[in-house]
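Here are some notes to read alongside the model, for someone meeting it for the first time. Keep the viewer open as you go.

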Amino acid sequence: MSASVKPNITLDLLGKIDIRVGTIISVEDIENSNKLVKLTVDFGDFIRTILVGMKGERENPKEIEGQQALFVVNLAPKKMAGEISEGMLFDIGYADGIVPVLAQPEKPVPNGTRAG
């Protein structure tokens with residue numbers, strides 16, 4: 001598993017990505033998609049709907065309910081399978097062909113805490 005490192009970016013570009021910790025309140029099936037589930041995520045001051053392609057990656061996607069994870073919260077909303085996604089979940093492993101796991105803080109922190 002030796003993927004090449006992506007091209008360098010500037011700190012300014014990295015600083016534009018708003019990464020926050022959120023607690024996954026619920027995981028719901030999206031019936032008209034064979035990949036997507038709908039997460040409802042609490043970021044403290046706001047709640048977002050985030051669509052994630054984890055069907056088939058996990059036997060029970062609901063096992064992540066109640067867990068904190070890292071999310072990008074300043075992506076433009078995107079419509080997929082008739083639903084609007086308002087961010088992106090960070091997971092670890094998918095790009096390398098292993099079963100993905102959540103990118104999580106080592107201990108609980110307040111929802112909405114920024115990473116970086």
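The points below go through the core, the rings, the pocket and the cavity.

1. Some ground rules. This is a predicted model, so to speak of local features a pLDDT of at least 70 is needed, side-chain atom pairs count only at pLDDT 80 or more, and totals for chains, interfaces and linings use all residues. Residues are numbered from 1 along each chain as its sequence is written, and side-chain values use heavy atoms, with hydrogens and water left out.

2. Start with the largest nonpolar core. A core here is a set of buried Ala, Val, Leu, Ile, Met, Phe, Trp, Tyr and Cys residues joined through side-chain atoms within 4.5 Å; buried means under 20% relative accessible area, exposed over 50%, and partly exposed in between (1.4 Å probe, protein chains only). Of its 15 residues, Ile24, Leu39, Val52, Ile64, Phe71 and Leu89 touch the most other members. Two or more residues each come from β1 (19-29), β2 (37-42), β3 and β4 (68-72), strands being DSSP runs (E, at least two residues) numbered from the N terminus. The top contributor is β2, with three residues. In soluble globular proteins, nonpolar side chains tend to be buried together.

3. Val52 is a handy place to look around. Contact means heavy atoms within 4.5 Å. Setting aside neighbours within four places in sequence, Val52 is in contact with Lys35, Leu36, Val37, Leu39 and Leu89.

4. Now the rings. There are two aromatic pairs in the structure; rings of Phe, Tyr and Trp (its six-membered ring) pair if their centres lie within 6.5 Å, with planes under 30 degrees apart called stacked, over 60 edge-to-face and the rest tilted. Phe43 and Phe46 are stacked, 5.2 Å centre to centre with 25° between the planes.

5. Which residues do the ring pairs link into a cluster? They are Phe43, Phe46 and Phe71. Phe43 counts as buried because its relative accessibility is 2%, and Phe71 does too, at 0%. Phe46 is partly exposed, at 24%.

6. Next, the largest pocket, with a volume of about 700 Å³. On a 1 Å grid over the protein atoms alone, a pocket is an open set of points with protein on both sides within 12 Å along at least five of seven lines, a cavity is a set where a 1.4 Å probe fits but cannot get out, and lining residues have an atom within 4 Å of a point. Of the 23 lining residues, Met88, Leu89, Phe90, Asp91 and Tyr94 are the closest to the pocket's centre. Two or more come from each of β3 (47-52), β5 (78-80) and β7 (88-89).

7. Finally, the cavity. The count comes to one cavity of 30 Å³ or more. Met54, Glu57, Arg58, Leu89, Asp91, Pro100, Val101 and Leu102 line the largest cavity. Arg58 sits in the loop between β3 and β4 and is buried, at 16%. Beyond neighbours within four places in sequence, Arg58 is in contact with Glu63, Ile64, Pro100, Val101 and Leu102.

Conventions
Grid points are joined across faces, edges and corners, and a volume is the space filled by probe spheres set on the points. Helices (H or I, at least four residues) and strands (E, at least two) are DSSP runs, numbered from the N terminus.
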